[in-house]
Amino acid sequence: MPSGDNALDFATISDIFLAHGSLQSPAFFDGYLCARLALEDISAEDWLNLICAALGVEEPATREDGEKLLAWRAIARERLDAEEMSFEPLLPDELFSLSERAQSLALWCQGFHEVAGEVDADQRKTWSTPLQEGVTDIEQLSRIDDDIEDNSENENDLFALTEHARMTALMLYVEQHPGKPDVEKPAQSFEEGLKEEGLSGDGETRH
């Protein structure tokens, strides 16, 4: 795996996108990447080609940018596969506003759902009930209201929803790769969580 993975945060990848003239969010592509790695994998070459196409270029502007884009895939794959389940979605940190972070979570879920949503009904039936519910929840999360105030309550709420998305991604990977540690279903249902957290998938938010 390429070194320097600690530098591959949301801001770093965003800067690469901006350097190539793109205002697209890396969050969408990270969600897409995680679902692809879980369901059918995506080669390093195909991943780089996909990102370059999204950026509207034939190849990265610099070798360093190319290495970071490839490391993005390698790190995501390694962390999805890790026994300690260290995977984290590529999302903005606390330096970004809560609204920006909520928007990025929605985009991450859109990317994830673009892949997982194409799985046919027969294959979905082979998934555990928690995974089926989690993937349905991801679709709802892709429509959450991002017009939320910056306060500690909403901060905690968004963290809980992000954790739900993270665990769903891990469940999908684990079930497609037998022999890895079991990922337990979150104790609270998604609907209950939304009611408590004041965030919803129908555009309504309690402040």
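Me: Why does M85 count as partly exposed?

Reply: Its relative accessibility is 25%. Buried means under 20% relative accessible area, exposed means over 50%, and partly exposed lies in between (1.4 Å probe, protein chains only). At 25%, M85 is therefore partly exposed.

Me: What kind of model is this?

Reply: It is a predicted model, where local features need pLDDT of at least 70, side-chain atom pairs count only at pLDDT 80 or more, and totals for chains, interfaces and linings use all residues. Numbering runs from 1 along each chain as its sequence is written, and side-chain values use heavy atoms, with hydrogens and water left out.

Me: Where is M85 found, and what is its phi?

Reply: M85 is in the loop between α4 and α5. Its phi is near 50°, a positive value in a residue other than glycine. The helix labels follow DSSP: helices are H or I runs of at least four residues, strands are E runs of at least two, and both are numbered from the N terminus.

Me: How many helices and strands does the chain have?

Reply: Nine helices and zero strands. Along the sequence, the pattern reads α-α-α-α-α-α-α-α-α. Buried residues make up 46% of the 207 residues.

Me: What makes α2 largely enclosed by the rest of the structure?

Reply: Twelve of its 14 residues are buried, so the helix is largely enclosed. Among them are F29, D30, Y32, L33, R36 and L37. The buried residues pack against α1 (10-19), α3 (44-55), α4 (63-81), α5 (98-116) and α8 (152-176).

Me: How do you know whether the end-to-end distance of α2 agrees with its 14 residues?

Reply: The expected span is 1.5 Å times one less than the number of residues. For the 14 residues of α2 (residues 26-39), that should be 20 Å. The end C-alpha atoms are 20 Å apart, which agrees.

Me: Which side-chain oxygen reaches the backbone nitrogen of A27 at the start of α2?

Reply: One from S25, to within 3.1 Å. A polar contact is a pair of N or O atoms within 3.5 Å; within protein, one must be able to donate a hydrogen and the other to accept it, and residues adjacent in sequence count only if both atoms are side-chain atoms.

Me: What makes α2 roughly antiparallel to α3?

Reply: They pack at an angle of about 155°, with their axes 12 Å apart. That makes α2 roughly antiparallel to α3. Axes are lines fitted to C-alpha atoms, for helices over the stretch in contact, and angles run from 0 to 180 degrees between N-to-C directions. Angles under 35 degrees count as roughly parallel, over 145 as roughly antiparallel, 65 to 115 as roughly perpendicular, and the rest as oblique. F29, Y32 and L33 of α2 meet W47, L50, I51 and A54 of α3. Contact means heavy atoms within 4.5 Å.

Me: Is the crossing of α1 past α4 left-handed or right-handed?

Reply: Left-handed. The near helix is then turned anticlockwise from the far one by less than a right angle; clockwise would be right-handed.

Me: Why is R73 called buried?

Reply: R73 has a relative accessible area of 10%, which puts it in the buried class. It is found in helix α4. A polar atom of the R73 side chain lies 2.6 Å from the backbone oxygen of I42. Not counting residues up to four places away in sequence, R73 touches L33, L37, D41, I42, S43, A44 and W47.

Me: Why is D41 called partly exposed?

Reply: Its relative accessible area is 26%, so D41 is partly exposed. D41 sits in the loop between α2 and α3. Its phi is near 65°, a positive value in a residue other than glycine.

Me: What makes A169 buried?

Reply: A relative accessible area of 2%. A169 is in helix α8. Leaving aside neighbours within four places in sequence, A169 is in contact with L80, F87, W108 and F112. A169 and C109 are 60 residues apart in sequence and 9.9 Å apart in space, C-alpha to C-alpha.
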